[in-house]
Amino acid sequence: MDKKEKIIEVALQLFAEHGFEKTPISTICEQAEISKGSVFHHFKNKNELLRAVFTHMTDINNNVDQQDEHLTSSEGRLEAMIDSIFVGMTIAQHRKMYHFNFSVMVHPTTRNIVLDLIEERYQGLQASTEEVFRALSHPNPSVVTRMLIATIHRIMVSGYFYPPSPLLVRCYTAADH
């Protein structure tokens, strides 16, 4: 892992644990064992680092989605997509990422910094999910996609405030065995 990747990984971890506003660059430097000069060599300011972290989280999500592309049935792809979201909600480290992602998207300051990236992420999710519903011959893939995304978003937001339900944890941990 090169220095830039290490900075992004450490920043993601610290932002997820403490929030963007409460994580100084000096703490990132300490944890990554690098100088401030190295951070500012790769990122002109903390906002640019936030954008890189947000992009990194999007890349992680996209990589998970690409793991399901080998599935030939649309039903299988849809099920795998939903499963990956809910499995992620049961894993402590992923929950921290979901919390950070949520806080970035609802806090006015951080939201404005990454607004174009939020829109880009949403458009990609909308397109890939619509593709699955089109393959399933759904009569209105755009509407059902928006409904699914809104429902999942609502579940994730409630997961931000409450721990995952025991039923959800039991369903997804039992499926792994």
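Before you start clicking, one term: a residue is buried when its relative accessible area is under 20%, exposed when that is over 50%, and partly exposed in between, using a 1.4 Å probe and protein chains only. This is a predicted model, in which local features need pLDDT of at least 70, side-chain atom pairs count only at pLDDT 80 or more, and totals for chains, interfaces and linings use all residues. Residues are numbered from 1 along each chain as its sequence is written, and side-chain values use heavy atoms, with hydrogens and water left out.

**Stop 1: Glu 33**

Select Glu 33, in the loop between H2 and H3. Helices here are DSSP runs of H or I with at least four residues, numbered from the N terminus. Is Glu 33 buried or exposed? Its relative accessibility is 67%, so Glu 33 counts as exposed. Check the backbone too: phi of Glu 33 is near 55 degrees, a positive value in a residue other than glycine.

**Stop 2: H1 against H2**

Now show H1 (residues 3-18) and H2 (residues 25-32), which pack at an angle of about 120 degrees with their axes 9 Å apart. The axes are lines fitted to C-alpha atoms over the stretch in contact, and angles run from 0 to 180 degrees between N-to-C directions. H1 and H2 are therefore oblique to each other; on this scale, under 35 degrees is roughly parallel, over 145 roughly antiparallel, 65 to 115 roughly perpendicular and the rest oblique.

Which residues make the contact? On H1, pick Lys 6, Ile 7, Val 10, Ala 11, Leu 14 and Phe 15; on H2, pick Thr 27, Ile 28, Gln 31 and Ala 32. Contact means heavy atoms within 4.5 Å. The set splits into seven nonpolar, two polar and one charged, where Ala, Val, Leu, Ile, Met, Phe, Trp, Tyr, Cys and Pro count as nonpolar, Asp, Glu, Lys and Arg as charged, and the others, Gly among them, as polar.

**Stop 3: H1 against H6**

H1 and H6 pack at about 75 degrees, with axes 8 Å apart, and that makes H1 roughly perpendicular to H6. Here Leu 12, Phe 15, Ala 16 and Glu 17 of H1 meet Lys 96, Met 97 and Phe 100 of H6.

**Stop 4: the cores**

A nonpolar core is a set of buried Ala, Val, Leu, Ile, Met, Phe, Trp, Tyr and Cys residues joined through side-chain atoms within 4.5 Å. The largest one has 29 residues, and those with the most contacts inside it include Phe 15, Ile 28 and Phe 100. H1 gives the most to this core, with eight residues. A second, separate core of eight residues includes Val 132, Phe 133, Leu 148 and Ile 152.

**Stop 5: Val 39**

Jump to Val 39 in helix H3 (residues 36-42). At 1% relative accessibility, Val 39 counts as buried. Leaving aside neighbours within four places in sequence, Val 39 is in contact with Ile 7, Ile 25, Cys 29 and Ile 34. Draw a C-alpha to C-alpha line from Val 39 to Ile 7: it spans 7.0 Å, though the two are 32 residues apart in sequence.

**Stop 6: Thr 129 and Ser 137**

Go to Thr 129 in helix H7, which counts as buried at 2% relative accessibility. Finish at Ser 137, in the loop between H7 and helix H8 (141-161). Ser 137 is exposed, with a relative accessible area of 60%, and has a positive phi of about 60 degrees although it is not a glycine.

Definitions and conventions
Helix = DSSP H or I, 4+ residues; strand = E, 2+ residues; numbered from the N terminus.
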